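My notes follow in the order in which I went through the model.

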Amino acid sequence: MVKVVKFGGSSVAGAAQFTKAAEIVRGDVERRIVVVSAPGKRFADDIKTTDLLIELAESVKKGRDFSGEMQAVIDRYAAIIEELDLPFSLLDSLKKQLSHLVDTYKEDEPRLFDALMASGENENAKLMAAYLRQLGEEAHYVSPEEAGMVVTDDPANARILPEAYDRLKNLRNRSGLLVVPGFFGVSKNGHIVTFPRGGSDITGSILAAGVEASLYENFTDVDSVYSVNPALIENPQEMKEITYREMRELAYAGFSVFHDEALQPVVAEKIPVCIKNTNHPEADGTLIVDQREQKGLPVVGIASDKGFITINLRKYLMNREVGFGQHLLQILAEEGISFEHTPSGIDNMSVIVREEYMEEGKEEKILARIRAELNVEEVHVERDLAMVMVVGEGMARTVGVAAKATTALAEAGVNIKMINQGSSEVSMMFGVNASEADLAVKSLYKACFAQVKA
Ligand SMILES: Nc1ncnc2c1ncn2[C@@H]1O[C@H](COP(=O)(O)OP(=O)(O)O)[C@@H](O)[C@H]1O
Ligand SMILES: N[C@@H](CC(=O)OP(=O)(O)O)C(=O)O
């Protein structure tokens, strides 16, 4: 049996965290494949190494003196190397590697960012392998290229290619502990390409699927996935067991503890995922599985995410116009915009998109095309929206969840701009003003988990 263990940035942020992570790996002989992130925050207002690397890339791009930014990155690794008494040759090769990447990619912007960001996890994996060896383990650093992590050539947005799995499965036959850097793969033409931010979770999941692991353990800095973001509610209810579908909805809607794109690889192979705490490994954590016994409350979690806009259209007799919706979505597709939701009425249709996709000039262009090509009576954009998602497999078989939720929002004075219920069997979505999102989540939590904690 092989388990894949992934340590997030907070679990490998410094020497003390390395020690805890190594102890966890050594505590179970089945933990054979280890994925590490770049060093994360050691304290609340610390800066993640990935963000330091982005600052470095920004300076290189602008042609500024980048020695300060480069030194800030080097210092993070130097501290770990010194405190763990690792060979100093690791630091020399790290410095050489960073300079090499800057020289190679300084004129090639998206590649520069991907290559530098990826080096955060790459160098940390080398350190972790060296540390495990120092502790007497047979441990090997395995680069994503060597592992066979072949991805699409889409900078900062890689996706695994199906053929990668044929190669990844061979990792099962290798001896010792294999330490693989998270967050990136290599495209067919040999470029380093990163997954979206937080993507080391995705690497772990791909490897778990590739080697057909019995379990994918994702170590982070909380005892459990909680029913609501713990930054919003003190001591929220812990989730012991949830389904892939529930986690996918919650992760997509704002539970940053596990990347929403990390579910797809494990779902296909039905590999259970366990979210656990590096600082408290005795806690059971949260198990994410294909099916769970339907007991307890119908709602398991409430998440919210800000940064949406909605494009609202009105056209009399829209319902009779064959192909209207298709044409609208075609315009968005041609402008390279993916949409999130499309609620509609007889003469109205709204499309909700993430604001970050609307780079300068895009919105005007899309509105002009809608006016010209769809001949609508009205089109306008509403901004600063948040989507609040109430999730639970049990909702489909429970009467009154929607009533309870809308009552809670009304009593809290939250203006519901949009409701989407029924398109997903496991979730209900409320569109609210971003400024009211936290209030909405708190009041929904109170209403749905009343018997747990007020
Ligand atoms: N519902 C939730 N349950 C648990 N943690 C959550 C939730 N929503 C957001 N978080 C945040 O996710 C953090 C862990 O994820 P992340 O920062 O990506 O960790 P890592 O450094 O392990 O990658 C927690 O510290 C917590 O602040
Ligand atoms: N280091 C990358 C990838 C990652 O997954 O990090 P973390 O495990 O700290 O979320 C990031 O910050 O985006």
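**Domains and their contact**

I began with the domain assignment of the protein, which gives domain 1 as residues 3-289 and domain 2 as residues 301-448; I keep in mind throughout that this is a predicted model. Taking the centres over C-alpha atoms, I find 33 Å between domain 1 and domain 2. To the contact, domain 1 gives 16 residues and domain 2 gives 19 residues. I then looked up the buried area, which is about 1500 Å² between domain 1 and domain 2, with 61% of it on carbon and sulfur atoms.

Next I turned to the polar side of the interface of domain 1 and domain 2, where nine residue pairs are in polar contact, both residues of each pair being at pLDDT 80 or more. Helix 9 (residues 244-252) supplies five residues, the largest share of the side of domain 1 that touches domain 2. Across this interface I find one salt bridge. I also noted that Arg 245 and Glu 393 meet through their side chains in a salt bridge, at 2.9 Å from N to O.

I then followed an open sheet of five strands, ordered 15-14-16-18-17, with antiparallel pairing. Strand 15 (348-354) and strand 17 (416-421) are its edges, and because each has a single partner strand, one side of each is left without a neighbour in the sheet. From one strand to the next the twist averages 35°.

Within the sheet I checked strand 14 (residues 301-314) against strand 16 (residues 378-391), and this antiparallel pair runs over 12 bridges. Here I marked Ala 303, which stands opposite Met 389 in strand 16.

Definitions and conventions: Residues numbered from 1 in each chain as written. Chains lettered and ligands numbered in written order. Predicted model: local features only at pLDDT ≥ 70, side-chain atom pairs only at ≥ 80, totals over all residues. Heavy atoms only, no water. Pairing = 2+ DSSP bridges. Helix = DSSP H or I, 4+ residues; strand = E, 2+ residues; numbered from the N terminus. Axes fitted to C-alpha atoms, helices over the stretch in contact; angles between N-to-C directions. Domains from an automatic or database assignment. Contact = heavy atoms within 4.5 Å. Buried area = accessible area lost by both parts, 1.4 Å probe. Salt bridge = Lys/Arg side-chain N within 4 Å of Asp/Glu carboxyl O. Polar contact = N/O pair within 3.5 Å; in protein donor to acceptor, adjacent residues only side chain to side chain.
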